[in-house]
Amino acid sequence: MSIQNQTKLNIGLFGFGVVGEGLYKVLAHTPTLNAQIKHICIKHQDKHRNAPAELFTTNASELLNDKEINVIIELIDDADAAYRIVTKALRSKKAVVSANKKLIAEHIEELIALQQEYDTPFLYEAACCASIPVIRNLEEYYDNDLLQGLSGIVNGSTNYILTKVFREKKSFDDALLQAQVEGFAESNPALDIEGIDAVNKLSILLVHAYGIISSPQALLHTGIQNLQASDAVFAKEKGYEIKLVAQARKLSDGKVAALVLLQFVKNDSQLYTVNNEYNGVVIESSLADKQFFYGKGAGGFPTASAVLSDLSALRYNYRYEYKKLHYQEPSELSTDFYLKVCISFKGLLLVPHERFDRVLEWSSNEQRCHVTGIVHYSELANNDWWKQPNVSLILYPDGILDNYKPQKVHETAEEEFVEQFI
Ligand code: HSE
């Protein structure tokens with residue numbers, strides 16, 4: 001379906017949470033868009049809502065079967081229900097705008113096929129980094145061959161918590177509660193805390209950056225759940241802060257390393273300046289060097305602004321072409337590279353030294369042991385020892401090592417480490 005410039009956008013909106021209400025308010029002040037919300041489908045009829053009661057229904061079919069509605073905007077937090085709504089809408093040839101990272105990441109292949117089969121646009125700029133137009137930029141501007149990598153803070157809630165805990169000395173629980181009150185966190189905040197939201201976003205970015213379709217669960221990821229106050233002290237002594245960073249990096253064999261890990265960030269990195277609910281993405285291309293996208297990554301109005309931009313794009317019949325997938329040779333994910341990491345843990349024998357290709361440095365105090373070393377990607381991808389509650393793993397800056405030659409030689413530092421702990 002194509003929506004012509006003069007056509008009125010008749011919207012069926014699913015969800016009236018922070019983002020849905022934000023969009024409702026913004027649309028009321030954007031008459032030039034010629035868009036109007038005809039009906040809003042919500043789960044609980046009885047809640048008070050700041051919009052006329054006659055707009056609301058709990059019956060999804062009233063929107064999906066309404067021939068006058070030509071755009072469905074899906075802003076609910078239940079990814080399974082969202083899947084049913086979005087697929088039915090596309091099959092009914094209604095254009096769809098969604099902000100649902102989980103739905104998109106988990107079903108991207110099918111959603112691409114449906115767009116083609118029904119010749120209907122499906123836009124989701126709000127799903128990654130809210131107000132930052134990163135998907136459309138990756139899709140339109142950066143050629144696969146020239147795109148060396150991207151690294152970003154893509155989850156506002158965890159970044160907010162890290163800022164409040166480590167800079168402002170708030171407790172983790174208070175910071176999380178505040179992120180929930182502000183409307184940054186997912187309804188199930190474990191999705192934020194455990195890095196699932198971030199890896200969902202990374203898997204969407206991989207499609208538009210490199211034409212890589214991967215299930216998010218297959219990508220190496222962690223969250224902030226095991227990070228300790230002593231890790232931040234250790235980082236500070238070395239001149240770093242710790243951030244949760246999603247990244248993809250093209251290796252010299254042409255394959256792409258992709259992961260979401262905690263990372264030491266130095267004050268010469270653009271990501272160092274990204275605090276609270278802000279997101280930031282550094283894109284590296286071989287000719288242009290680094291470019292930095294920065295903006296609010298969560299919250300009602302920032303997310304609504306991206307939804308609004310998608311609505312406006314429907315006006316000129318914009319749709320994702322999935323250029324890297326269809327017009328270029330899609331890249332492949334790599335599973336064969338090394339990482340320079342710091343593992344912090346408490347308790348002897350928790351992290352056997354055989355896990356490392358090489359131990360570069362270790363230190364310990366009463367609270368914690370910190371071991372810096374080089375591990376193979378598959379050691380982390382195939383094992384869970386580094387995800388135990390007492391262990392945190394932090395990547396060093398430039399810690400994805402391309403062309404690292406395995407040593408398997410026990411250096412002095414490692415021998416001391418072995419003597420000390422084993
Ligand atoms: N929970 C998400 C975040 C919302 O904190 O980034 C925006 O996607």
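Where does Tyr322 lie? Select Tyr322 and you will land in the loop between α11 (300–315) and α12 (323–326).

**Before you start**

This is a predicted model, in which local features need pLDDT of at least 70 and side-chain atom pairs count only at pLDDT 80 or more, while totals for chains, interfaces and linings use all residues. Residues are numbered from 1 along each chain as its sequence is written, and side-chain values use heavy atoms, with hydrogens and water left out.

**Stop 1**

Tyr322 counts as buried, at 2% relative accessibility. Buried means under 20% relative accessible area, exposed means over 50%, and partly exposed is in between, with a 1.4 Å probe and protein chains only.

Now select Cys129, in the loop between β6 (122–123) and α5 (134–140). Cys129 has a phi near 65 degrees, again a positive value in a residue other than glycine. Cys129 is buried, with a relative accessible area of 1%.

**Stop 2: Ile108 in α4**

Next, colour helix α4 (residues 101–118) and pick Ile108 within it. Ile108 is buried at 5% relative accessibility. Show its contacts (heavy atoms within 4.5 Å). Setting aside neighbours within four places in sequence, you will find Tyr124, Val207, Ile213 and Tyr322 in contact with Ile108. So Tyr322, which counts as buried at 2% relative accessibility, comes back into view here as a partner of Ile108.

**Stop 3**

Is Lys101 buried or exposed? It is buried, with a relative accessible area of 13%. Its side chain makes a polar contact with the side chain of Glu186 at 2.7 Å. A polar contact is a pair of N or O atoms within 3.5 Å; within protein, one must be able to donate a hydrogen and the other to accept it, and residues adjacent in sequence count only if both atoms are side-chain atoms. Leaving out neighbours within four places in sequence, Lys101 is in contact with Ala127, Glu186, Asp197, Asn200, Lys201 and Ile204.

From Lys101, move to the ligand. Which residues are around the ligand? Select Lys101, Asn155, Gly156, Ser157, Phe184, Ala185, Glu186, Asp192, Asp197, Lys201, Gly297 and Ala298. A residue is near a molecule if one of its heavy atoms lies within 4 Å of it.

- An oxygen atom of the ligand is 2.8 Å from an N or O atom in the Lys101 side chain.
- An oxygen atom of the ligand is 2.6 Å from an N or O atom in the Ser157 side chain.
- A nitrogen atom of the ligand is 2.7 Å from a polar backbone atom of Phe184.

Taken alone the ligand exposes 260 Å², and the protein buries 93% of that. These accessible areas come from the Shrake-Rupley method with a 1.4 Å probe.

Colour α6 (156–167) and α9 (196–210) next: each supplies at least two residues of the shell around the ligand.

**Stop 4: Thr158 in α6**

In helix α6, select Thr158. Thr158 is buried, with a relative accessible area of 1%. Its side chain makes a polar contact with that of Asn155 (2.7 Å). Not counting residues up to four places away in sequence, Thr158 touches Asp192, Ile193, Ile224 and Leu244.

**Stop 5**

Now show helix α7 (residues 172–181), where Ala175, Leu176 and Ala179 are buried. They lie on the same side of α7 because they cover an arc of only 100 degrees around the axis, taken from the directions from the helix axis to the C-beta atoms. What covers these buried residues includes α6 and α8 (190–193).

Finish just after α7 at Gly183, which takes a positive phi of about 85 degrees.

Technical notes
Helix = DSSP H or I, 4+ residues; strand = E, 2+ residues; numbered from the N terminus.
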